[in-house]
Amino acid sequence: MTTRRTFIGTLAGALLAAPLAAEAQGPAKIPRIGLLSPFSPSDTALWHQALRQGLRDLGWVEGKTISIEYRYAEGERDRLPVLAAELVRLKVDIVFVDTTSAALAAQNATRTVPIVLAVGSDTVATGLVNSLARPGGNITGLDQIAPELGGKRLELLKEIVPRLSRVAVLWNPQNPSSTLNWKELQLPAPQLGVQLHSLEVRSPTLLDTAFEAATRAGAGALAIMPDPVFVTNLKRIANLAAKRRLPSIFHLREFVNAGGLVAYGPDRSDLFRRAAVYVDKILKGAKPADLPVEQPTKFELVINLKTAKALGLTIPQSLLLRADEVIQ
């Protein structure tokens, strides 16, 4: 009898203690992502929404099964190293980066925390990965390297302005991605009968001066290379281009939404959705070194017809038919 009472008392005590022990342990820890962006929240709203949707499709819901720490450099590239180091100190499980410049800052901050890159620019040439097939380090993701895109944009400008002979090019020599795109653009230019006029812009304060230089150089159009300085100043650049009556082209549809003439490039929202797959795989145990870097599969051509009319341009019907979207 004593033994039986002792057993029952012990069992009851264990049952009472179990909820207390579970309560003491607290809720299960959910994975934490550190998101590092060279842009501002408004610049990246659609892209980051696509990322979150991609994560939800894979069962990761922000605030429930995953948490995200956001850090934005607001177009100031020099802030990226500080923000990257801050995320590493928070001991995030993955650092998610928008672009090559952010990836380089994250790579300098850690060689152990997995890094997922949404939109790279020649990740091999910049030293982020050993090869696309075998990244080899703690970085993987998507690479939008496509040397022919620069030439394609020049071709589009020539279709719109057939007699075009001189194109001003906005680029930032401090940004590896911008520099790479500037170099790639120089290859097809002679074949298209176009001279390029370099406009080096390191900060927004130099934009007005750059457009004045474009006018003095007799540029008939404007091509813009990828850079956070330009992305965070899309409306201003579009207005300056309109004021100087320069047909302009960029790689982001957001530029056309802001009043720019043409955009042609990879569908960024699609890249961010696909980047969520890398986050999912790494959280389930995969190593970045073993996940091949992928490239864009969807491209989009967007034209602002209202801007064309304001510039006195007639967009060829053949070009309008090829466009993914025409803004009236």
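Colleague: Why is Arg274 called buried?

Modeller: This is a predicted model, so every value is computed from it. Arg274 has a relative accessible area of 18%. Buried means under 20%, so Arg274 counts as buried.

Colleague: What makes Arg274 and Glu294 a salt bridge?

Modeller: The closest N and O atoms of Glu294 and Arg274 are 2.9 Å apart. The cut-off is 4 Å between a side-chain nitrogen of Lys or Arg and a carboxyl oxygen of Asp or Glu. The pair therefore qualifies as a salt bridge.

Colleague: Where do Glu294 and Arg274 sit in the chain?

Modeller: Arg274 is in helix H11 (268–283), and Glu294 is in the loop between H11 and S11. They are 20 residues apart, and the pair links distant parts of the chain.

Colleague: Is Glu294 buried, exposed or in between?

Modeller: Glu294 has a relative accessible area of 37%. Buried needs under 20% and exposed over 50%, so Glu294 is partly exposed.

Colleague: How do you know which class Asp280 and Lys284 belong to?

Modeller: Asp280 has 7% relative accessibility, so it counts as buried. Lys284 has a relative accessible area of 59%. Exposed means over 50%, so Lys284 is exposed. The two form a salt bridge, with the closest N and O atoms 3.2 Å apart.

Colleague: How many salt bridges does a search of the whole structure find?

Modeller: The search finds 13. One of them joins the side chains of Asp208 and Arg236, at 3.0 Å from N to O. Asp208 lies in helix H7 and Arg236 in helix H9, 28 residues apart.

Colleague: What makes Asp208 and Arg236 partly exposed?

Modeller: Asp208 has a relative accessible area of 35%. Arg236 is at 29%.

Colleague: What is the order of the strands in the open sheet?

Modeller: Seven strands run in the order S7-S6-S8-S9-S10-S11-S12, with mixed pairing.

Colleague: What makes S7 and S12 edge strands?

Modeller: S7 and strand S12 (325–327) each pair on one side only. From one strand to the next, the twist averages 20°.

Colleague: How do you know that S6 and S7 pair?

Modeller: There are six bridges between S6 and S7, in the parallel sense. Pairing needs at least two, so S6 and S7 meet the condition. Within this pairing, Leu170 stands opposite Leu199 in S7.

Colleague: Which helix lies across S6, S7 and S8?

Modeller: Helix H5 (residues 148–160) does, and it also lies across S9, S10 and S11. H5 runs at about 155° to S10.

Colleague: Now S3. Why is S3 called largely enclosed?

Modeller: Six of the six residues of strand S3 (residues 94–99) are buried, so the rest of the structure largely encloses S3.

Colleague: What does S3 pair with?

Modeller: Four bridges join S3 to strand S1 (residues 32–37), and these two run parallel. Leu35 has Phe96 in S3 as its bridge partner. S3 also pairs with strand S4 (residues 115–120) over four bridges, in the parallel sense. There, Val97 stands opposite Leu117 in S4. S3, helix H4 (residues 100–109) and S4 make a right-handed β-α-β unit.

Colleague: Where is Leu90, and what does Leu90 touch?

Modeller: Leu90 is in the loop between helix H3 (80–89) and S3. Leaving out residues up to four places away in sequence, Leu90 touches Arg32, Glu69 and Arg71. Arg32, Glu69 and Arg71 are linked with Glu86 in a network of salt bridges. Leu90 has a relative accessible area of 28%, so it is partly exposed.

Note on methods: Residues numbered from 1 in each chain as written. Predicted model: local features only at pLDDT ≥ 70, side-chain atom pairs only at ≥ 80, totals over all residues. Heavy atoms only, no water. Buried < 20%, exposed > 50% of the residue type's maximum accessible area, 1.4 Å probe, protein only. Right-handed = clockwise from strand over helix to strand, strands pointing away. Axes fitted to C-alpha atoms, helices over the stretch in contact; angles between N-to-C directions. Contact = heavy atoms within 4.5 Å.
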